[in-house]
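Subject: Structure handover

Hello,

Here is the structure you were expecting, with the sequence alongside. My notes on what turned up in it follow below.

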Amino acid sequence: VTGASFVVFNGALKTSSGFLAKSSIVEDGLMVQITRETMESLRQALRDKKDFKITCGKMDAEDVKEYVDICWVENEEKTNKG
């Protein structure tokens with residue numbers, strides 16, 4: 001689990017790169033590079049207020065270890081107030 005001050009979603013990852021998605025720490029935030037198709041799905045999930053999971057790693061990797069989960073919560077008292 002990684003805490004971050006901000007998250008950047010970059011929809012310019014090419015499918016020819018061989019990655020499903022890539023995540024990296026940038027300063028005190030997180031940058032997630034995703035394909036255009038995943039970006040469209042993410043936007044729709046945000047509009048619909050639905051949870052969304054992004055699987056990061058190589059397409060041909062057998063054991064994918066990184067996920068970026070976007071989760072909607074009912075109780076905002078436990079979230080970052082900043």
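**Cysteines**

By the sulfur-to-sulfur distance rule for cysteine pairs, the count in this model comes to zero disulfides. Please keep in mind that the model is predicted. Cys56 is buried because its relative accessible area is 4%, under the 20% cut-off. Cys71 has a relative accessibility of 52% and therefore counts as exposed, the cut-off for that being over 50%.

**Overall layout**

The chain has 82 residues, and 18% of them count as buried. Among contacts in the chain with a separation of 6 or more, 39% are made by residues 24 or more positions apart. The accessible surface of the chain is about 6500 Å², and carbon and sulfur atoms account for 48% of that.

**The core**

Which residues make up the largest nonpolar core? There are 12 of them: Ala21, Leu30, Val32, Ile34, Met39, Leu42, Ala45, Phe52, Ile54, Cys56, Val68 and Ile70. Two or more residues of this core come from each of β3 (29-34), α1 (36-47), β4 (52-58) and β5 (66-70).

Ala21 sits in strand β2. It counts as buried because its relative accessibility is 2%, and buried means under 20%. Leaving aside residues up to four places away in sequence, Ala21 touches Leu13, Gln33, Ile34, Ile54, Thr55, Cys56 and Gly57. The chain also brings Ala21 and Lys58 to a C-alpha separation of 7.7 Å, although they are 37 residues apart along the sequence.

Phe6, Val8 and Val26 form a nonpolar surface patch of about 190 Å². Of these, Val26 lies in strand β2, which covers residues 19-26. Is Val26 buried, partly exposed or exposed? Its relative accessibility is 30%, so Val26 counts as partly exposed; that class covers values between the 20% and 50% cut-offs.

**Two residues with positive phi**

Glu27 is not a glycine, yet it has a positive phi of about 50°. Its place is the loop between β2 and β3. Glu27 counts as exposed because its relative accessibility is 73%, which is over 50%.

Lys49 is another such residue: it is not a glycine and has a positive phi of about 55°. Lys49 is in the loop between α1 and β4. At 60% relative accessibility, Lys49 therefore also counts as exposed.

**In brief**

Regards

Note on methods: Residues numbered from 1 in each chain as written. Predicted model: local features only at pLDDT ≥ 70, side-chain atom pairs only at ≥ 80, totals over all residues. Heavy atoms only, no water. Patch = residues over 30% accessible without salt bridge, like charges linked within 9 Å, V, L, I, M, F, W, Y side chains within 5 Å. Areas by Shrake-Rupley, 256 points an atom, 1.4 Å probe, with all protein chains shown as cover. Salt bridge = Lys/Arg side-chain N within 4 Å of Asp/Glu carboxyl O. Helix = DSSP H or I, 4+ residues; strand = E, 2+ residues; numbered from the N terminus. Buried < 20%, exposed > 50% of the residue type's maximum accessible area, 1.4 Å probe, protein only. Core = buried A, V, L, I, M, F, W, Y, C linked by side-chain atoms within 4.5 Å. Disulfide = S-S within 2.5 Å. Contact = heavy atoms within 4.5 Å.
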